[in-house]
Amino acid sequence: MKQKIYGYPVALIVFIHIAMIGCQPKTSTQVETPGSDTSWALLPFVKVDSVNPILNAGNNEFNCPVLKRAIKWENKDVFNPAAVVRDGKIYLLYRAEDTIGKHAGTSRIGLAVSEDGLHFAKRKEPVLYPDNDTLKIYEWEGGIEDPRVVETEDGKYLMTYTAYDGTTARLLIASSPDLMQWTKHGTVLNGKYKDAWSKSGAIVVKQ
């Protein structure tokens, strides 16, 4: 599998390490040491405070198939996104929560699109969410969280995500031809690991 987007996504720990390096300006007291070459890193990172935050919680409504009524599915918070470049646009898949239920919030995956990577327009409804399907036992009522997305060689997309039933977080996988219509494929880990706590796993691909 090869990646057709510029270096994203990467394993979360690697991204955090790179971001931390990019946020630390070099001072005159810092001395280069053997093995400290950062020419491989994605530098520099510069915050664009004039447009931040790029997403906010909102009042968009969605007819939840489990609750069988309209809810404000992202009015608590939006966070933990994955970015993908498609047809010259940046697609941001993000986690959003409502304020309903025993966990004070069920998570769903929303989608926002940008022409410049700075200004994003959100779709009114989530693109991946708990439903009355065979995976409801894993996804309700904690929800679907933390998308990690890669592009396949034939231009389709694979998403690993976390399903939370209120007790255990499990890593699940879904696929899509266009980042909007998703097909769920179930748990990533099976056998003796199926009911073990697992989350936020990313598929490693070639750049």
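User: Is Arg95 buried or exposed here?
Analyst: This is a predicted model, and in it Arg95 counts as buried, at 10% relative accessibility.

User: And which side chain does Arg95 meet in a salt bridge?
Analyst: That would be Asp146, with 3.3 Å from N to O. Asp146 lies in strand S7 (residues 143-151) and Arg95 in strand S4, so the pair ties together parts that are 51 residues apart in sequence. Asp146 counts as buried too, with a relative accessibility of 2%.

User: OK, what about Lys76, what does it pair with?
Analyst: Lys76 forms a salt bridge with Glu97, and their closest N and O atoms are 3.7 Å apart. Lys76 sits in the loop between strands S2 and S3, while Glu97 is in strand S4, so this bridge connects parts 21 residues apart in sequence.

User: How accessible is Lys76?
Analyst: Lys76 is partly exposed, at 37% relative accessible area. Glu97 is buried, at 9%.

User: Which residues get joined into one network?
Analyst: Salt bridges with shared partners link Lys76, Arg95, Glu97, Glu145, Asp146 and Lys199.

User: How many salt bridges are there in total?
Analyst: The count is 15. One of them is between Arg108 and Asp98, at 2.9 Å from N to O.

User: Switching topic: where is the pLDDT below 50?
Analyst: The chain averages a pLDDT of 86, and 83% of the residues score at least 70. Over residues 1-31, though, the pLDDT is below 50.

Notes: Residues numbered from 1 in each chain as written. Predicted model: local features only at pLDDT ≥ 70, side-chain atom pairs only at ≥ 80, totals over all residues. Heavy atoms only, no water. pLDDT = per-residue confidence, 0-100. Contact = heavy atoms within 4.5 Å. Salt bridge = Lys/Arg side-chain N within 4 Å of Asp/Glu carboxyl O. Helix = DSSP H or I, 4+ residues; strand = E, 2+ residues; numbered from the N terminus. Buried < 20%, exposed > 50% of the residue type's maximum accessible area, 1.4 Å probe, protein only.
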